[in-house]
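User: Please show me how the features of a structural model are read, one at a time.

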Amino acid sequence: MMNQQSMSLSLNRNSSSRKFAIRFVRALTRIKMATPIVSSVQSRKKCSRRIKCAADTSMAATIGSRRAWGRAILLKHRNQVRKRVLMRQKVVGNNKENKTRKIKVMNKEKKQINKARKIDHIKGVQGSVNRANKLRKLVPGGDAMDFCSLLEETAHYIKSLNTQVQLMQKIADIYET
């Protein structure tokens with residue numbers, strides 16, 4: 001069992017934990033304002049994905065361009081936003097033709113993702129994937145790193161994830177009481 005000192009989260013004025021907390025709470029506020037009150041399973045999943053994305057993006061923005069994993073998360077987020085904007089531009093009106101175009105694009109992307117997953121699965125079954133390659137898949141931006149950099153980035157990423165968990169636990173405790 002962890003003692004209170006090990007679970008305490010440093011919220012000094014200039015600490016990265018404090019900066020992360022501020023960004024994350026702002027993002028949660030935006031999510032709450034944008035999310036309808038409907039409590040269907042689909043909307044809960046969508047909301048939890050938004051919260052996860054907000055946590056990752058807040059931490060990456062706090063770290064900035066100092067770490068490769070932070071740059072990778074921010075780039076991924078930027079690309080997702082651009083993709084959403086492009087999809088909205090394609091579907092301007094309630095035109096049935098535009099909707100079918102959107103569905104075709106989404107189906108094509110799903111097929112490409114499934115194909116890539118199958119290829120990865122086949123490769124994983126055929127040959128033994130070493131531990132470094134498994135670690136590269138877990139750490140954002142790990143694909144382009146040498147082994148020493150990968151270990152360093154992994155250690156920092158784990159510390160950041162720990163900070164995220166501690167902050168989320170504190171937020172949950174506040175709303176629980």
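Analyst: Arg88 is exposed, at 59% relative accessible area, where exposed means over 50%, buried under 20% and partly exposed in between (1.4 Å probe, protein chains only). The model is a predicted one, in which local features need pLDDT of at least 70 and side-chain atom pairs pLDDT 80 or more, whereas totals for chains, interfaces and linings use all residues. Residues are numbered from 1 along each chain as its sequence is written, and side-chain values use heavy atoms, without hydrogens and water.

User: In which element is Arg88 found, and which residues gather in the patch of positive charge?

Analyst: Arg88 is found in helix H4. The positive patch on the surface gathers Arg88 with Lys45, Lys46, Arg49, Arg50 and Arg84. Patch members have over 30% relative accessible area and no salt bridge, with like charges joined within 9 Å; Lys and Arg count as positive, placed at NZ and CZ respectively. Helices H3 (41-63) and H4 (68-90) each supply at least two of the residues, and H3 gives the largest share, four.

User: How many helices and strands does the protein chain have?

Analyst: There are seven helices and zero strands, taken as DSSP runs (H or I, at least four residues; E, at least two) numbered from the N terminus. Of the 177 residues in the chain, 27% are buried.

User: Which side chains meet in salt bridges?

Analyst: Side chains of opposite charge can pair when their charged atoms come close. The criterion is a side-chain nitrogen of Lys or Arg within 4 Å of a carboxyl oxygen of Asp or Glu, and the whole structure holds three such bridges. One of them joins Lys52 and Asp56 at 2.9 Å, N to O; both residues lie in helix H3, four residues apart, about one turn. Lys52 is exposed at 53% relative accessibility, whereas Asp56 is buried at 15%.

Arg67 meets Glu152 at 3.4 Å, N to O, and Glu153 with closest N and O atoms 3.7 Å apart. Glu153 lies in helix H7 and Arg67 in the loop between H3 and H4, so this pair ties together parts 86 residues apart in sequence. Shared partners join Arg67, Glu152 and Glu153 into one network, and both Glu153 and Arg67 are buried.

User: How many aromatic pairs are there?

Analyst: A pair of aromatic rings is described by the distance of the centres and the angle of the planes. With ring centres of Phe, Tyr and Trp (its six-membered ring) within 6.5 Å, and planes under 30 degrees apart called stacked, over 60 edge-to-face and the rest tilted, the count is two. One of these pairs, Phe20 and Phe24, is stacked, at 5.6 Å centre to centre and 15° between the planes. Both residues lie in helix H2 (residues 16-34); Phe20 is buried at 0% relative accessibility and Phe24 is buried at 2%.

Methods
Patches are made of residues with over 30% relative accessible area and no salt bridge: like charges are joined within 9 Å, nonpolar side chains (Val, Leu, Ile, Met, Phe, Trp, Tyr) within 5 Å. Accessible areas come from the Shrake-Rupley method with a 1.4 Å probe; for residues, only the protein chains shown count as cover.
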